[in-house]
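Here is a structure to read with some care. The questions that follow ask how its descriptions are reached.

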Amino acid sequence: MNLQALLYFYETARHASINKAANACFVSASSLSRALSGLEKELETTLLERSYAGIVLTRAGEELYEQLRPSIEQMKQAMESFGSGFAGRNALRLRVCAYQSSIVSQALVNFYRRYGDQYEYVDVILDVYLTAEQVLEQMEAADYMLGVIHFPTAKLTGYQELLQQRGYALIAMPRLRGCVTIRTGHPLAELPEVTQEQLIPYPRAAYIYEDPWDLAYCSDFHNFRPTEVRKRILLKERGQLHDILRSTDAYFIGIDMKPFEVVQGTLTSVPVAGMREQISTLVFYRQSRTLSPIVRGFMDEVRAILKELSG
């Protein structure tokens, strides 16, 4: 049996797409399709149903996928380690795909301070995205060691079920209360909490297309309808956000930013009165992956920050 064809089948099943699987395997879609047809002919069974909606596994395909998954994921993990040039060396390697937030950035800073000097070689990748859905898509497309997403707690059950269906192990983290982040000299900065009405005169800063929290939706690029939020400033990067908040009376809805080094002395956070939503965090990884002490160390840093923020 052709092992390459089995890998092509596995990636096609994982991505539910011929084109995405071909990109992941660095081959043309036509070559991958021919290999799949040859595999089905050799096994004398249909593994995939092809339609305009994508790829659907047959019952035989589902059984083969489940049998292949542990072995292929272990093989990919071994290749990731020994094919990287770091095999046998004193190397710190970490690859994380995460929702863009100061939590993950500060966790990485703390992690490096704790472990960086212990290793001769360091290879760290932190890939960030503006929505949880983008993080999930990238986790499916590439071999990250860990994923981190934040979202309103009302969506927790849905994300848990989705990730478990896709073969991920989940680690729940402490929940956080929503706050507005503003400059230290902002007219609202000294209040114990702010109301939605008090925020109306000020522009809301948001990331383009980010998931909104409990307050009025304003981050859709094309469909801004001024209601409770009458002014908005849409941004794409965290550095832009911090610059805007430091230099204007804009506010950002998210978590308590005060403990983070990047904002200390320039920005502050104030709880929002009546904000029912809490913010949940999930850390997840493929069930077939064996977590190294390095990855567990980064997870501990994320957990420590969330524990501090949750009070």
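A crossing is left-handed if the near helix is turned anticlockwise from the far one by less than a right angle, and right-handed if clockwise. This is a predicted model, in which local features need pLDDT of at least 70, side-chain atom pairs count only at pLDDT 80 or more, and totals for chains, interfaces and linings use all residues. Residues are numbered from 1 along each chain as its sequence is written, and side-chain values use heavy atoms, with hydrogens and water left out.

Q: Which hand does the crossing of helix 1 and helix 2 have?
A: Helix 1 passes helix 2 in a right-handed crossing.

Q: Why are helix 1 and helix 2 called oblique to each other?
A: The axes of helix 1 (residues 3-15) and helix 2 (residues 18-25) cross at roughly 130 degrees. Angles under 35 degrees count as roughly parallel, over 145 as roughly antiparallel, 65 to 115 as roughly perpendicular and the rest as oblique, and the two helices are therefore oblique.

Q: Why does Ala 132 count as buried?
A: Buried means under 20% relative accessible area, exposed over 50%, and partly exposed in between (1.4 Å probe, protein chains only); Ala 132 has 0% relative accessibility and therefore counts as buried. Ala 132 lies in helix 6 (residues 132-141).

Q: Why does the span of helix 10 agree with its number of residues?
A: The expected span is 1.5 Å times one less than the number of residues. For the 18 residues of helix 10 (residues 293-310) this should be 26 Å, and the end C-alpha atoms are 25 Å apart, which agrees.

Terms used:
Helices (H or I, at least four residues) and strands (E, at least two) are DSSP runs, numbered from the N terminus. Axes are lines fitted to C-alpha atoms, for helices over the stretch in contact, and angles run from 0 to 180 degrees between N-to-C directions.
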